[in-house]
Each structure stands twice: as C-alpha cells, then as structure tokens.
Amino acid sequence: RRMAERERRRMKFVREANNTYRDSERDRRTVFVGNVPVNIPQNRLKVALRAMFRPFGELESMRFRSIPVGNPKLTRKEAWCHYEFSAASDSMHAYVVFKQPEQAHAALACNGRTLVVACR
C-alpha cells in the first residue's frame with residue numbers, strides 16, 4: 001500500500017512537471033498579484049482586487065496562494081478562514097483570472113501599483 005501511494009505521488013509530480021493539467025488559454029487570462037497583505041480580511045481583499053482590476057474587464061475568479069500558516073495543525077484553508085498566519089511572512093500572492101486574454105494583457109498596466117484596501 002505504501003508503495004502504491006508513493007508511486008501515485010510520483011506520477012502526480014511527473015504530470016504536473018509536464019504541465020498536463022495546465023490550461024494554456026486560462027494562463028493567458030491570468031494575472032499574478034504579489035505582496036498581498038495577510039493581515040486584511042478575505043472579503044476586503046477581494047473587494048479591493050475587484051476594484052483595482054474592474055476597469056480592465058470582467059473577472060472570472062481569484063485565487064490566493066502562498067498563505068503562511070501559523071499553526072502547523074491547520075491546513076492552509078483553515079488558516080485562511082481563521083486568520084491564523086505565521087509571523088515569519090506578512091504577505092501572500094493572488095491570481096486574478098479574466099474572461100478574455102486581452103483584458104488580462106490590459107491589466108498589466110497595474111504593474112507596480114499599491115493595492116488600496118478600504119478600512120471600516
């Protein structure tokens with residue numbers, strides 16, 4: 001059983017390395033957003049990112065990655081929901097996916113801008 005699990009993980013790694021799961025059309029519609037602060041609630045981050053990228057076109061989805069987990073007993077999703085982040089890192093990154101590749105290309109004009117999050 002252990003060997004089967006190890007082989008399954010190895011095959012998954014090989015598939016990902018060969019990019020068999022990658023959708024090149026979706027990649028062309030995706031914009032990377034770095035240095036997203038972790039100390040701001042998820043809903044406010046989403047609102048701020050939508051406001052920043054709305055002028056360029058309709059958004060399909062947003063994904064947050066590199067979430068620094070503070071409690072090793074929690075999964076990344078649980079840490080995100082409970083706002084339990086590591087003090088070692090104060091930022092994460094996001095991927096914003098547009099409906100059209102041209103919109104994503106136009107959104108690259110935001111390169112170097114600072115994300116403004118409204119405080120209530």
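This is a predicted model: local features need pLDDT of at least 70, side-chain atom pairs count only at pLDDT 80 or more; totals for chains, interfaces and linings use all residues.
Biologist: How many aromatic pairs does the structure hold?

Modeller: The structure holds 2 aromatic pairs.

Biologist: Why is the pair of Phe53 and Phe98 called edge-to-face?

Modeller: A pair of aromatic rings is described by the distance of the centres and the angle of the planes. Rings pair if their centres lie within 6.5 Å, and planes over 60 degrees apart count as edge-to-face. The centres of Phe53 and Phe98 are 6.0 Å apart and their planes stand at 85°, so this pair is edge-to-face.

Biologist: What makes the pair a link between distant parts of the chain?

Modeller: Phe53 lies in helix α3 and Phe98 in strand β3, 45 residues apart.

Biologist: Are Phe53 and Phe98 buried or exposed?

Modeller: Both Phe53 and Phe98 are buried. That label needs under 20% relative accessible area.

Biologist: Which residues have the most contacts inside the largest nonpolar core?

Modeller: They are Leu45, Phe53, Phe64 and Met92, in a core of 23 residues. Helix α3 gives the most to this core, with 5 residues.

Biologist: How do you know that β1 and β3 pair?

Modeller: Two strands pair if there are at least two bridges between them. Between β1 and β3 there are 6 bridges, and these strands run antiparallel.

Biologist: What is the order of the strands in the open sheet?

Modeller: The order is β1-β3-β2, with antiparallel pairing.

Biologist: Why is one side of β1 and of β2 left without a neighbour in the sheet?

Modeller: Each stands at an edge with a single partner strand, so one side of each has no neighbour there.

Definitions and conventions:
Residues are numbered from 1 along each chain as its sequence is written. Side-chain values use heavy atoms; hydrogens and water are left out. Rings of Phe, Tyr and Trp (its six-membered ring) pair if their centres lie within 6.5 Å; planes under 30 degrees apart count as stacked, over 60 as edge-to-face and the rest as tilted. Helices (H or I, at least four residues) and strands (E, at least two) are DSSP runs, numbered from the N terminus. Buried means under 20% relative accessible area, exposed over 50%, partly exposed in between (1.4 Å probe, protein chains only). A nonpolar core is a set of buried Ala, Val, Leu, Ile, Met, Phe, Trp, Tyr and Cys residues joined through side-chain atoms within 4.5 Å.
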